[in-house]
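Please read them with the structure open.

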Amino acid sequence: MKEYKKGILLALVCFLVVVVLNFFLPRLLPGNPIAYLTGFSEEDMTPTQVEFYRHALHLDEPVLSQIGFYLRSLVDGTLGYSYKKEAPVSALIGGRLGSTLQITLPAVIFSTLIGLVWGLHSGYKKGSAVDRVSTAFQIVINTMPSFLLALILMILFCFRNRWFPYTGLSSSEVAPGFMPFLLDRLHHLVLPVLTLTIGAAPSRYLLMRNTVSQVCEEKYVLYARERGLSDRRIKYSYILKNIAQPFITMVGMSVSLCIGGSVVIENIFSVDGMGSLLTEAVYSLDYPLMQGILFMSTLIMTLSIIVSDLICVLIDPKVRAGGDGK
């Protein structure tokens, strides 16, 4: 239990660090903090505008009051205000978050299943031809950047064969109705999801393969083999049950990596998600929007780590019973 508590505590500390940085960085950086909190340069603002923004951002009040207003914006869900786009940050992120989750959640699920099943089989058959070829292939894929994978898939399936669209998540000419819209959306999602899945699967495969290859030397596995149990039963009833915790923990921690990887994927496939929104914020120097996206990404990462650790506690009877002695 102690290691899970430490993981949850570390995730919460990282989350609090981001919250603190989002507040203090614009105020500690050299120059006028109004420029960082609005995204407008000092040269583009008149004295009247400077005074207006100073009052609107509560910079004319004590720091403790500013912290109170800042925390209130986090609690009420507005996450600040984007003066460049003239909208609350939460509304801008909410309009794009759905598109990002449509790409990242299937990628997390598929890459997890691939890494679990494939890695479990290769680790159980360590040293076989299948293991050697699979591991070499996964190592090569693991070294490839996501943008290269996306470009290769786009060239193969969009430009050469024209099997899939290469921009957006929907077609303008799609017929009205639920089923035509759903099929069109799934058609557009194939390549972005496939790119993230291929990019995320190797780390899961390698962890599972290496862990299983070590566990296969344990006495309980050797005893199960001596009893004549089938390979399938040994892998899924004995080995998987004992190595599930580290795999679940890694999957929880990698959710944020998939969201980070979607920044590149969304720009390549012209998807209006959080990745493209972050790119717009960077190019336009929309600091409140950048801070909001950083906050939301960190929040998702923290929640995924906490959920994965809670799942580990629930599936481990020793931890539930306090039998680990920690």
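1. Throughout this note, buried means under 20% relative accessible area, exposed over 50%, and partly exposed in between, with a 1.4 Å probe and protein chains only. This is a predicted model, in which local features need pLDDT of at least 70 and side-chain atom pairs count only at pLDDT 80 or more, whereas totals for chains, interfaces and linings use all residues. Residues are numbered from 1 along each chain as its sequence is written, and side-chain values use heavy atoms, with hydrogens and water left out.

2. Overall architecture. The protein has 13 helices and two strands, where helices (H or I, at least four residues) and strands (E, at least two) are DSSP runs numbered from the N terminus. The C-alpha trace spans about 85 × 60 × 40 Å along its principal axes, and 41% of the 326 residues count as buried. The accessible surface, from the Shrake-Rupley method with a 1.4 Å probe and, for residues, only the protein chains shown as cover, comes to about 17,700 Å², of which 67% belongs to carbon and sulfur atoms. Taking contact to mean heavy atoms within 4.5 Å, 70% of the contacts between residues at least 6 apart in sequence join residues at least 24 apart.

3. Nonpolar cores. A nonpolar core is a set of buried Ala, Val, Leu, Ile, Met, Phe, Trp, Tyr and Cys residues joined through side-chain atoms within 4.5 Å. The largest one has 41 residues, and those with the most contacts inside it are L79, I93, M208, V212, I234, I239 and L289. Among the elements that give two or more residues to this core are α1 (2–28), α5 (89–124), α8 (178–215) and α12 (287–315), while its largest share, ten residues, comes from α10. A second, separate core of 14 residues includes I103, L153, M154 and L189. As for V212, its contacts, not counting residues up to four places away in sequence, are L120, G123, Y124, I239 and I243.

4. Salt bridges. By the rule that a side-chain nitrogen of Lys or Arg lies within 4 Å of a carboxyl oxygen of Asp or Glu, the count comes to three salt bridges. E280 forms one with K85, the closest N and O atoms being 3.1 Å apart; E280 is in helix α11 and K85 in the loop between β1 (81–82) and β2 (87–88), 195 residues apart. E280 counts as partly exposed because its relative accessibility is 29%, and K85 is likewise partly exposed, at 34%. E280 also meets R96 in a salt bridge (3.2 Å, N to O), and because E280 lies in helix α11 and R96 in helix α5, this pair ties together parts that are 184 residues apart in sequence. R96 is buried, with a relative accessible area of 16%, and K85, R96 and E280 are linked in a network of salt bridges.

5. The D131–R209 pair. The side chains of D131 and R209 meet in a salt bridge at 2.8 Å, N to O, linking helix α6 (residues 129–142) with helix α8 across 78 residues of the chain. D131 and R209 are both buried.

6. Aromatic pairs. Rings of Phe, Tyr and Trp (its six-membered ring) pair if their centres lie within 6.5 Å, and planes under 30 degrees apart count as stacked, over 60 as edge-to-face and the rest as tilted; the count comes to ten aromatic pairs. F23 and Y70 form a tilted pair, 5.4 Å centre to centre with 45° between the planes, which links F23 in helix α1 to Y70 in helix α4, 47 residues apart. F23 and Y70 are both buried. F52 and Y53 form an edge-to-face pair, 5.4 Å centre to centre with 65° between the planes, although F52 is exposed at 52% relative accessible area and Y53 is buried at 11%. Ring pairs link F52, Y53, Y81 and Y83 into a cluster.

7. Two single positions. S304, in helix α12, is buried because its relative accessibility is 13%, and, leaving out residues up to four places away in sequence, S304 touches G252 and V255. H121, in helix α5, is partly exposed at 30% and, apart from neighbours within four places in sequence, is in contact with V130 and K235.
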